[in-house]
Amino acid sequence: MLQSKKFTWPTAIIYLLLLLGAIVVLYPFFYMLMNSLKFGPEILHSPTRLPTQITLTGFQGVFQSLNMLLLYRNSLILAVSITVLNTFLSSLAAYAIAKIPFPGRNHLFGFMLATMMIPGVLFLIPTYVMIYRLGWVGQFHALIIPSAISVYNIFLIRQFVAGIPNELIEAARLDGANEVRIFANVILPLIRPVLATVAILSFIGSWNDFLGPLLYLNKPETWTVQLGLYQFQSSIPGENAQEIWASMTLITLPLVLVYFLLQDQFVKAFANVSLK
Amino acid sequence: MADTISIDRDTIPRQQQKSRRMWTRIRRGGWGYIFVFPWILVYLVFGLYPLLLSFYLTFFTYSFVTPEDYVFVGLGNWLRGFLDPLFWKGITNIFYNQVIFILVTNVIGLLTAFLLYKVTFAGRIFRTIYFMPVITSVVVLMVVGNYLTSPQGPIQSYMVQLGILDSPVFWKFTESLPMPVIALINSWKWFGVSTVIYLAGLYAVDPQFYEAAQIDGASGWQQFWSITIPQLRPQIFFLLVVNVINGLQMFTEVFTLGYDVFGGPQHQALTPVLYLYAQAFNNSNIGYASTLGLLLALVIALLTVIQFRLFPSDAR
């Protein structure tokens, strides 16, 4: 490790390759941002060159033809409700499964794990039929309630809760705390790292979801960012290049900003999933 | 899994405390039921019921247009599904796509993980950059990817300049290229996950293996093939299983690329879920769409079981 400061050819090649990789990864983002700042004709004639003149007319166009604030609001309502509900309810269930002995607990957990094996596509049609019959199509809770809790998250949190020493919980029980207080005062503060993982995965999943809103949120006033901007780009093909690039930048920007603020948690969130 | 849960440890209570303990146990158990109740409720309503409804619907022709018309067709939907060339076209398209996708993401993921493992300075910055596409939405990705690979896009114009391509083509509308193009765009999006997973795997390898190999005079390549790769088998297995499960359920990619719901004139971009969507919402044939969903779930389950069988149990 001491030699790492010195220049060596292998190290130089490694950094060169890493840099090349970074350029390949960043180029599409750069392309998107660059074109969002150009005038329409320039996008069509020289899409790969830097803008000769920077303009915000694309962004203005998006805000004029779409109610962007409404789209952001809808996406936020969905993502925040799902994230908060799912993180809270999943951690409650995970605590019960890991630390509260009740008859049938092991069977229940085994059954939960078995349900994880069923691919999601199987539920697509019957759930739509059910939600259609309930009259929930076009309403946010059609997406929120089925995602209010998930086995996947229960499993992730349970693994973490199981590592908390029983003495800590027993001590609180001897002090007369009931299970709700133990959960709120002892468990929740200790499981923050895994809650961050679960919250991030839920939020990204919901924010980036396309099929769910496509099926259930069919009215323009309930469109999410993804759906609104998709409808926008498919309605007039080839004509509104400026607005398309501006709108793509607008979908991507909030998430990328949050990502750079919480980058370690994001990466860990995905790594944790695989490490059981 | 179930036997790893710790059992309540107060097994030798004093006689006089026994009944009191019983009470607190029941009370506590009660809280346990209350805490898992939301899952049970959501599962019964949005898991079990749709599952049963799905089976039920496969025996009928049913549509939203005329909801009162349930026509019993027996196993007709199942037979039709097994013999439907478009369903199997979707499956083969996905295979074509996933072979490229899995190969590219694994090779690039492994390579970048290896580079990041070797590096002591600025590794985090690169890792952060490589992971950026993972959090980007598929809609954005497909629109950007579509422009980059279009005849006017930079990739084709460079290829023409370099003489690889005679003239720009709409790859999207050729018969054999949509799936590789989607696989490459998706590889760009997802390789960061493989990188992070392989990186964690590399850090978990005991350095003594390498030291012993160096003493025995093994070259870098020999070490890579006989230590690194076998040690990373759990990660390889995990990525393979997850990719097959997710890949077969591809929808948003092809839908947002602007194909019709049958995946283009030659069905070159048809996926099973796109076909299911077409049957449900274009042909309003809910019974048949439901059958296709179950059939696809069977295909996925079968492939997962095969993968578990093929991999030795210590490598999962």
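User: How many residues of chain A are in contact with chain B, and how many of chain B with chain A?
Analyst: In this predicted model, 73 residues of chain A are in contact with 75 residues of chain B.

User: Which elements give two or more residues to the chain A side?
Analyst: On the side of chain A that touches chain B, those elements are α1 (9–36), α4 (68–99), α5 (105–115), α6 (121–134), α11 (192–208), α13 (225–235), α14 (241–261) and α15 (263–274) of chain A.

User: And what is the make-up of that side by class?
Analyst: The side of chain A that touches chain B has 55 nonpolar residues, together with 16 polar and two charged ones.

User: What ipTM and pTM does the predictor give the complex?
Analyst: The complex has an ipTM of 0.86 and a pTM of 0.87.

User: Turning to chain B, what is its mean pLDDT?
Analyst: Chain B has a mean pLDDT of 87, with 93% of its residues at 70 or more. Over residues 1–10 of chain B, however, the pLDDT is below 50. That stretch has eleven contacts in the model beyond near neighbours in sequence. Where pLDDT is low, the predicted coordinates should not be read in detail.

User: Where in chain B is confidence lowest, and where highest, by element?
Analyst: Strand β2 (residues 71–72) of chain B is lowest, at a mean of 84, and helix α3 (residues 85–118) of chain B is highest, at 95.

User: What does the domain assignment of chain B give?
Analyst: The assignment gives domain 1 (14–77) and domain 2 (85–315) of chain B. Taken over C-alpha atoms, the centres of these two domains of chain B are separated by 35 Å.

User: Is A122(B) buried or exposed, and why?
Analyst: A122(B) counts as exposed because it has 12 C-beta neighbours inside 10 Å.

User: What about H267(B), and where does it lie?
Analyst: H267(B) lies in the loop between α11 (252–256) and α12 (272–282) of chain B. H267(B) also has a positive phi, of about 55°, although it is not a glycine. With 19 other C-beta atoms within 10 Å, H267(B) is partly exposed, since a buried residue needs 20 or more.

How values were computed:
Residues are numbered from 1 along each chain as its sequence is written. Chains are lettered from A and ligands numbered from 1 in the order in which they are written. This is a predicted model: local features need pLDDT of at least 70, side-chain atom pairs count only at pLDDT 80 or more; totals for chains, interfaces and linings use all residues. pLDDT is the predictor's confidence in each residue, from 0 to 100. Helices (H or I, at least four residues) and strands (E, at least two) are DSSP runs, numbered from the N terminus. Two residues are in contact if their C-beta atoms, placed from the backbone, lie within 7 Å. Ala, Val, Leu, Ile, Met, Phe, Trp, Tyr, Cys and Pro count as nonpolar, Asp, Glu, Lys and Arg as charged, and the others, Gly among them, as polar. Domain bounds come from an automatic or database domain assignment.
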